[in-house]
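The sequence and coordinates come first.

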Amino acid sequence: MLLLSLILVPFVGSAIAALMPANARNREAWLAGGVALFGLLTTLFLYAQTGSGEAVRFHATWLPGYGLDFMLRMDGLAWLFAMLILGIGLLVVIYARYYMSPADPVPRFFSFLLAFMGSMLGVVLSGNLIQLVIFWELTSVTSFLLIGYWHHRADARRGARMAFTVTATGGLCLLVGVLLLGHIAGSYSLDVVLASGDVVREHPWYLPTLVLIALGALTKSAQFPFHFWLPHAMAAPTPVSAFLHSATMVKAGVFLLMRLWPTLSGTPEWTWIIAGAGLCTLLIGAFVAIFQHDLKGLLAYSTISHLGLITVLLGIGSPLAVVAAIFHTLNHATFKASLFMAAGIIDHESGTRDMRKLRGLYRALPYTATLAIVASAAMAGVPLLNGFLSKEMFFAETLLVGGPENWGMSLAAILMGIFSVAYSLRFIHVFFGPLAADLPKAPHEPPRWMRFPVEFLVLCCLVVGVAPGWSVGRLLNNAVLSVLGAQAPEYDLAVWHGFNLPLLMSVLALVGGVTFYTLLRRRYDLIHSDRVPLLHRFNGKEAYESTMLRLTSTAASLETLLSTRRLQPQLVLMMVLLVAVPLLLVRPLSLLAFSSGGEFSPLFAGLWVIGCACAIGAAWQAKYHRLAALSLVGGTGIVTSMTFLWLSAPDLALTQLMVETVTTVLILLGLRWLPARIAPRELNLRAPRSAWVRRSRDMAIAVSAGLGMSALSYAVLVRPASPGGISDFFLTRALSEGGGSNVVNVLLVDFRSFDTLGEIAVLAIVALTVYALLRRFRPAPESVPIPAQQANSVDPAAGQTPAQQVESGYLQVPSVYLRLLFPIMLVIAAYFFLRGHNLPGGGFVAGLTFAVAIIVQYMLAGTAWVETHLRLQSNRWIAFGLIAACATGLGAWAFGHPFLTSHTAHVTLPLVGEIHLPSAFVFDLGVFAVVVGATILILVALAHQSVRSHRLPAGSVPPRATGKEIK
Amino acid sequence: MEAVIAISIGVLFGSGVWLVLRPRTFQVITGLLLISYAVNLFIFIMGRLWLDRPPLTLEDGLVDGLVDAGLYADPLPQALVLTAIVIGFATTALYLVVMIGSRGLTGTDHVDGKESSK
């Protein structure tokens, strides 16, 4: 449980931090510091349990069907890393409190920082490989957000993108690698994987697995050839660089290599890949670091080089090398974090990080300078500091690996030592000499607590350097035991091992480094060189950018080649496929003899002659005579409705009829905004030849689609229904279990009510979308003035307002008539609603009838009159309907039944007698309300477009003033 | 009866497809309306054709209080089509609003938002 809290608390803290006000710098820092301190104390408390060599575990089922469990596991190595993350995290939080400017939005910063802390702890504590990859990717995401924290800066955005692209791609490789590894080992549990090293190494998939996992680790730890993202990540605020890009996140890669060391190491492939990449990185990083002008750039390349050193150690594959690798990880984190913070202080106080400008800072910042010099000495490997110890272990290992003959590795190690001394000297050079006068700010010592983290870390460097066995001996031993187990070697963490070869190498490196640096300054003009000698041609960043560019341009050209933004070709393709694909997939249907066609009704046939004529007429007229086309479509709709009635579907007939009405009104409201279109024949124009070709093609598609549909329908109709369908279930149970004899309605509000709930939700969403879209509606300029038909001076109605037309104009008779009908229509709606469960009717039909009653009033008397007499808040209707429907569903939960289970109660009322009251009734009421609300909202929103004064598109001519309100 | 309705579905569908392939937004909306009639009818006839057998299991029509499923039209396609009709209305409304909005923004009623170059 304590383990789980270690991961959960940072994420909870992150959520809380995000909610704080923008200026709460102190509260944010207290919160983040508190989280880190809590984690630190918890981890310390857990030391007692991990100290004995056993791992602390937490276990929870996650996806049992896939054999995946959520597992946390803390052994010595994880403990050490957790301490590193939380300890440095706490120091970084203190530092960031003073580093961040009051103008920066700190909630975002601390929120991301805590989320990163949680993800990083998740990586080191995961006991399951899949889970580890998930946290791994989370660290990539949070790192992306933190690098891009100052998102107004282009370099921050670019650095963030680059870091994320590289590390997340590596993460994907890692995921595949881990899946392979889990497959080979038979489980994703870390315990099993660690125990099955021999099986894994013998397996034919070992090499792909190793390569993929190495890709993940090497990208994360900025190893050659993926190292280029790290210097660009320095666009992040310095606390982030200190925390993520020196001490923790980049260590995730080497952590993974350590974690999987027992399983994957010990083969030539491992050594070639891991040690090879590490060796290149180590030399390139150290060499390039010397030629940087930016303080943080130097530190970034030096970090790359030190990570390379750790990688080489892990690649060598001997147990002692692993000890050295873990030890150096720890040492590097302490001195590098302190150096980053010192660089941040210099930047903060003097306003620049350019080493060409900085001079003599010792005079202005004596304390900080002393601390930074000590930390740099540790980085350079000066005796009595922690860097010296692990570097000497590294030298000893390189001697062992080459044996007496092969000195290549040792030479590379000495070379790296020389370079690192040189760049350390370059770094501390900013403190010496006369104080530079042209700095953007006059430097002062930073606030007491901003310096504290640096002091603390430098103290650690000293203590570990002087008394390694006493200070970190046991912690290191625990970590080593958890990686190596029984293979753990004997080693001695003493400062003095007597005169031996490693010591000689250290001395060589120190002397060589000082000489090299002096030579560079004297002979090479280090300050004024803009590029790295020899290596400037190998530019990873350029390779990355050109790859990305090529990727985007290829995608763009593929898009132009393969797709179109025009609708018609897409629709043609869709329709052709609609016709062709079924023909290709199934054998041709055997159309049975016409004799089985059953009885023939001339009336029905006559009905459909009209229906088909209407449809063809609509297709004919839709371009130039919209009103005619709309009326013809309505004719087809009426015929469809009558067909439903004829063929035993009264509910459908009613619904179709009402929907037909509202659809026609809807489209009539829209017609006003479409441009006038005059047939070319009336203008004596001829359609071009290409148009005829296109029309013939479309006609062919349409005819074949129609023929196919007819054939399919006929083929279905002449076959008897297969017995054993699910329809009988509904028919036999509707009355006995659903409590209603109208099976269609019972289906809608009871058996399939979840479906209906979804449907009314869609209806509500569409209504709100229509409303929202119309709020931004801009009509075309020529549709804004009232239509010519309404402006006709001969027509007396043209001079009247809608109210006058209704009270005394040509609408007087219909208005009296329809106002009288209004309550009757409402009664009909109520009647349909109430009887719906047993006889044709129900919420849908009743809602539509109700809406039609309202719309008729709108059409007659105009918007203004209706809205002064009737307060209809359709959005509330929708809300009420959805709440009623959902509440019915949730009510079933209260009685321990599944969602939307219905129940029928029998209530005896005075006068009325006994009535049965199913819960589906309330549900149907919800359906009713949503249908009413949605229909009215849509139609009224559309109708209002004619009333409101329009904002014209920019640059258009205003309409001529008519001074008349339009209905 | 079967032939009549099958031919009618084909005619409706064909007219709709023709209209959907036209370049003007109003033609497309008309086409969609016609296609939706055709498809609704097509789904509906999956329950086969029944005359005078509405799926109303009224108590006075029952034999010994039990329902004989063979005496009623198939209610399932009917329920599906009923919801389809209502949803069809909603999508028509959405299409209409996009149609007039696009006309206002682009100044044309061509489906691509600009007159074709041909």
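What percentage of the 118 residues of chain B count as buried? In this predicted model, 60% of the residues of chain B count as buried.

**Fold of chain B**

Chain B contains 3 helices and 0 strands. Read from the N terminus, its elements follow the order α-α-α. Of the contacts in chain B between residues at least 6 apart in sequence, 56% join residues at least 24 apart.

**Side facing chain A**

In chain B, 80 residues are in contact with 95 residues of chain A. At least two residues of this side of chain B come from each of helix H1 (2-20), helix H2 (25-45) and helix H3 (75-106). The most is given by H3(B), with 23 residues. The residues on the side of chain B that touches chain A divide by class as follows.

| Class | Residues of chain B on the side touching chain A |
|---|---|
| Nonpolar | 55 residues |
| Polar | 13 residues |

**Confidence**

For chain B the mean pLDDT is 88, and 98% of its residues reach 70 or more. Within chain B, H2(B) has the highest confidence, at a mean of 94, and H3(B) the lowest, at 91. H3(B) is also the element that gives the most to the side touching chain A, with its 23 residues. For the complex, the predictor gives an ipTM of 0.96 and a pTM of 0.69.

Conventions:
Residues numbered from 1 in each chain as written. Chains lettered and ligands numbered in written order. Predicted model: local features only at pLDDT ≥ 70, side-chain atom pairs only at ≥ 80, totals over all residues. Helix = DSSP H or I, 4+ residues; strand = E, 2+ residues; numbered from the N terminus. Buried ≥ 20, exposed ≤ 12 C-beta atoms within 10 Å, placed from the backbone. Contact = placed C-beta atoms within 7 Å. Nonpolar A, V, L, I, M, F, W, Y, C, P; charged D, E, K, R; others polar. pLDDT = per-residue confidence, 0-100.
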